[in-house]
Amino acid sequence: MESGVGGNSNERHGVFKGDSWFSQFRNGSNPWMARYVYALIFLVSNLLAWAVRDYGRITFPEMEKLKNCQGGRGCLGAEGVLRVSLGCFAFYFVMFLSTAGTKRMYNCRDSWHSGWWSAKIGLWIALTITSFLVPTFIIQIYGEIAHFGAGIFLLVQLVSVISFIKWLNDCCQSDKIAERCHIHVMLLATAAYVICIVGIIMMYIWYAPEPSCLLNIFFITWTLVLLHLMTSVSLHPKVNSVFLTPGLMGLYVVFICWCAIRSEPAGESCNRKAEASNKTDWLTIISFVVALLAMVIATFSTGVDSQCFQIRKKEAPAEDAVPYGYGFFHFVFATGAMYFAMLLIGWNTHHTIKRWTIDVGWTSTWVRIVNEWLAVCVYLWMLVAPVILGCGRTTEPA
C-alpha cells in the first residue's frame, strides 16, 4: 500500500520537474514551492512589525501626519505591531476563505493558491497599508481578539507536536524498527533525559540563585515532577510506551519552562539572565533573530501538518489530490499573525517593550507556563485514553 501511495506521489512531483523554478513560480504549478513564498511573506510581516515597534519614529516619520495615528502614537509602538498584524491576518484569512475545502489540483482554487503572485502580493501590501488607516478603536478590538487567536495557534501547534511524538512512538514499536534500531532508540532516549536533567540544573543555577525565588523554584520543580510523571505513566505495563517518547516530551516541556522564565521582565532579582540581557549586545540581537526565525519555522511546519487533525479514517490519496490542506495552511498563518503580535508586545496591548526583545512580560511567562501544563495533560491523556476507553468497552454486556 505504501509503495502505491509513494508511486502516485512521485508521479505528481514529476509534473513539477519539467519546468524551471521561475516558470513554476510564474505559472503557479507547484504548491510545494508556494509554501515557501507564503512563509517569506509572513517573515517580511514579522520584520515590518518589529521595525515599526523599535524604529518606527525614525524609519516612518510620515506616519505622524496620518489622521488616525494621533500624532504618531497610534501607528507606532505596540499599536503599530497590531496594525501590521491586522494586515497580515487579513491577507491569510482571505486566502483561507478562498482555498478552504480544496480537494483537487489543477483547478481555479489550486491555481489561486499556487499562482497569481502579483495579485496576491499586491493584496497583501494593500491590506497592510489599509491597516494603518483604520481608526484606533478597531485596532484595540483586534488586539483583544488576537489574544484568543494566538491561543488557538498555540493549541494547534501543541497538537501537532504531540501528534509527531505519537507517530514516532508507533514507529519505534513497529516490528521493523524495534529490532533494528533498539540500541539507537535507547541512546537517543538517554541523551534526551540527560539534556532534560542538565537543563533543569542550569535553570536552578541561573533563575533560582536564592531561596526567596519561590516562583521560579516552583516552576522548575514542578517541571521536574511533570517529567517524572510522564515517564512513570509511559512505562506503566498497561500503557507500554517506549522510553523515547517521554524523553522527547520532557525536552519540549523543559524548553517551554525555560522560555517562560526567560520571559520574566528584566530587573527581577531572580532572573540574572534577564538583567544581563538588559543591554543590547550581539548576543541579544542573535537571540532575537533566532526567536523570530523559529516562530516563522514553527508556523510553517504546523501549517503543512493538517493530517493530525483528521478525524475520519485516512484513505489512499487520489492522483490529483492536493499535497496538503490549503485552507488549514492559511488558517495557521492567520492565527500565527496574531501570535507574533502577542510576542512582540508581550501579550499586553499597553505594554512598553524594549528594543531587540521578544515575548517579555509576566503575561508572557504565565502563557508559557499554562501551555506547558496543558501539553503534559494532553500527552498523558493520549497515553491513558486507549486503556480507559478499552476497559470501558470490555465491561459492556454482550
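The legends below describe close-up views of a predicted model.

Local features need pLDDT of at least 70 and side-chain atom pairs count only at pLDDT 80 or more, while totals for chains, interfaces and linings use all residues. Residues are numbered from 1 along each chain as its sequence is written, and side-chain values use heavy atoms, with hydrogens and water left out.

**View 1. Cysteines Cys196 and Cys259.** A disulfide is counted when a pair of cysteine sulfur atoms lies within 2.5 Å; a search of the whole structure finds zero. Cys259 is in no disulfide, and its nearest cysteine sulfur, that of Cys257, is 9.3 Å away. Cys259 has 13% relative accessibility, so it counts as buried (under 20% relative accessible area; exposed is over 50%, partly exposed in between; 1.4 Å probe, protein chains only). Cys196 also counts as buried, because its relative accessibility is 1%.

**View 2. Helix 10, residues 214-234.** Helices are DSSP runs of H or I with at least four residues, numbered from the N terminus. The expected span is 1.5 Å times one less than the number of residues. For the 21 residues of helix 10 this gives 30 Å, and the end C-alpha atoms are 30 Å apart, which agrees. Buried residues of helix 10 include Phe219, Ile220, Leu226 and Leu227. Trp222 lies in helix 10 and counts as partly exposed because its relative accessibility is 36%.

**View 3. A nonpolar patch on the surface.** Leu215, Phe218, Trp222, Val225, Trp362 and Trp366 form this patch, with about 530 Å² of accessible area together (Shrake-Rupley method, 1.4 Å probe; for residues, only the protein chains shown count as cover). The elements giving two or more residues to the patch are helix 10 and helix 15 (362-394). Helix 10 gives the largest share, four residues. Patch residues have over 30% relative accessible area and no salt bridge, and nonpolar side chains (Val, Leu, Ile, Met, Phe, Trp, Tyr) are joined within 5 Å, like charges within 9 Å. A salt bridge is a side-chain nitrogen of Lys or Arg within 4 Å of a carboxyl oxygen of Asp or Glu.
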